[in-house]
Amino acid sequence: MHALSELEDAFRSLSKDANFQEELDGILKDYVGRETPLYFAERLSEHYKRPNGEGPLIYLKRGPQPHWSLLAKRLGKKRIIAETGAGQHGVATATVCARLGLECIIYMGAQDMERQSLNSLQVRAVHSGTATLKDATSEAIRDWVTNVETTHYILGSVAGPHPYPMMVRDFHAVIGKETRKQAMEKWGGKPDVLVACVGGGSNAMGLFHEFVDDPHVRLIGVEAAGFGLDSGKHAATLTKGDVGVLHGAMSYLLQDDDGQIIEPILSVLGILDYPGVGPEHSFLKDIRRAEYYSITDHEALEAFKRLSQLEGIIPALETSHALAFLEVLCPTLADGARVVLNCSGRGDKDVQTAIKHLKI
Amino acid sequence: MALAVGTFHCVHLPPRSRALAITSPLSRDQFDRGDSVVIPPAISLGCASISETFTKLKEQRKVAFIPYLTAGDPELLTTSAALRMLDACGSDVIELGVPHWNPVMDGPVIQRAFERALATGVDVDAIMAMLSEVVPELSCPITVLSYFHPVLEYGVSKFLAAMNEVGARGLIVPDLPLEEAEILRKEAKTKKIEMVFHTTPSTQKGRTREIAKASEGFLYLVKTRQSSPLNIGPPRQETDKPVAVGFGVSEPEHVRQLSAWGADGVIVGSALVQRLGEAVSPSEGLRAMEAHARFLMAALP
């Protein structure tokens, strides 16, 4: 707890620190490459036009994920740890540590390591439990609690103990802030619907947070239904989960009748595989501010293909879940309704997987 | 020793015989046949509370010996034998851990113990059933140690009611910060269950004070890696309550040191769990666990 209070205090004071904000904005602009485009997907919108010519307008909020390792440097910690599932967060953390000249250790489940190859990182294999993301996260937490004086833990999503869900959300909130500004510039208004994929939920929270208090903006999160919700092989935590406690957060978790966690495995795509979900999403669901649906692997792969063919943009497979939901959503939307879909990350990494499963 | 039926007094039963150190795997039969230690007929005597236990020890200028075991490791029957054994050799409070699939605050020994226990299918119902049989025979109070998830999943009220029913006197929920514990504390009080909270040597003074105020029975001081030698001084200054130290206490030297530094109790977990759970057989495990417990207790003042 002490470690967490210290972190929260530091975060709060840095949030008010103009120098820190300036430095962070600088990094976001010059290193991460923000402000990222809000792109009107004309051909995709055309695809959803109804026979009478009416239909919603789809905008894609594109670009790389924001990153927040700068906090570590300001905290004076020389050692950074992070957990990773499929490897993305691990790689992202390692690259920023390289830039900041900090030691970086990534925890990864031994099972997950077999599926990926991340030879360039100093990865610590975690063999406990089921040797997957949940265990890597637990091990990272143990490391941090033991070494908190020298170490900063960069959690990969809006999960974990407070203040992480809040901090990670705040660092991602730049996505939503940019969207508001860009929407105003492009059409002089706000989006009508926001759609994003949900694994741990950082991406989605980043887009939603700015608009939570705008009741006319619909918030839609899309989870991975893997082989289908009844297959037992999915990651639809908000749809099929029950309330529990994981890694210091009370949130929805996939559990069996004995209250044991069900590992969200394995969708063909094996992604969006955090077995819980950020507590703020659970809250937004409970107060009915946000809606959550799920999409199967098959539907996600079709959407991957569709966007590539219609717009020449190869989306990440995670994002493809959100894109697939448009098939269900668009027929219900009013003419001219503006949909902003979070399209962060790139699909290059997923092309091989997609080809294999689409049998192209 | 005299009993005052109807009130809570510590009952000191005769020391267990060596008959428990058997070579074949334990079975219920062996208990029933009387080959092993006598289990007195179930008179529900109740035990002293944790606070009362510490008060008595203070009068006697003694340091409490508090072993910890994981319920169901290697299986529940061995746990019940181990509880009886630890009680018999003079433990003052015994902590019993509920296995969980996400033990973020435990090291590798107890993580493995949890995995072994969960593999046997042990759950809260089974643990409570075991306790209902064992607790009436124990002279020292049991403190249940559970992560919050199993408590939440079982149902907070239901969990506390079950504890009350079986006679467990204390509860520790290590991953529940004080700020989130109000509901649990209120309910625990109605069931006369004492809730013990943790602090560390590096916790800010003000926070330690708050935690100590709330903690019942004793204040649990977690000996984190950085804190050696352990300075009990600062936490001690924040409270009049007994301070018991745990995490990494495994050798007589630790026990001696902690006692010298003014600890009111020492908590020993992994050192016993490992000997019990990783042995080649339950009886070997019980033998090794008991031997080590006695070895450590000999170092108490």
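In this predicted model, F218(B) touches I50(B), F54(B), I66(B), E95(B), V196(B), P242(B), A244(B) and I267(B), leaving aside residues up to four places away in sequence. F218(B) is also one of the residues that touch the most other members of the largest nonpolar core. The predictor assigns the complex an ipTM of 0.83 and a pTM of 0.84.

**Nonpolar cores**
- The largest nonpolar core holds 74 residues, and those touching the most other members are W144(A), Y153(A), Y164(A), L194(A) and F208(A), together with I66(B) and F218(B).
- Domain 1 (2-31 + 67-168) and domain 2 (36-64 + 173-357) of chain A each supply at least three residues to this core.

**Helix pair in chain A**
- Helix α8 (residues 164-172) and helix α9 (residues 174-187) of chain A have axes that come within 5 Å and cross at roughly 35 degrees.
- On the α8(A) side the contact involves D170(A), F171(A) and H172(A), which meet V174(A), I175(A) and G176(A) of α9(A).

**Confidence in chain B**
- The average pLDDT of chain B is 84, and 82% of its residues score at least 70.
- Residues 1-45 of chain B have a pLDDT below 50, and in the model this stretch has 62 contacts beyond near neighbours in sequence.

Note on methods
Residues numbered from 1 in each chain as written. Chains lettered and ligands numbered in written order. Predicted model: local features only at pLDDT ≥ 70, side-chain atom pairs only at ≥ 80, totals over all residues. Heavy atoms only, no water. pLDDT = per-residue confidence, 0-100. Contact = heavy atoms within 4.5 Å. Core = buried A, V, L, I, M, F, W, Y, C linked by side-chain atoms within 4.5 Å. Buried < 20%, exposed > 50% of the residue type's maximum accessible area, 1.4 Å probe, protein only. Domains from an automatic or database assignment. Axes fitted to C-alpha atoms, helices over the stretch in contact; angles between N-to-C directions. Helix = DSSP H or I, 4+ residues; strand = E, 2+ residues; numbered from the N terminus.
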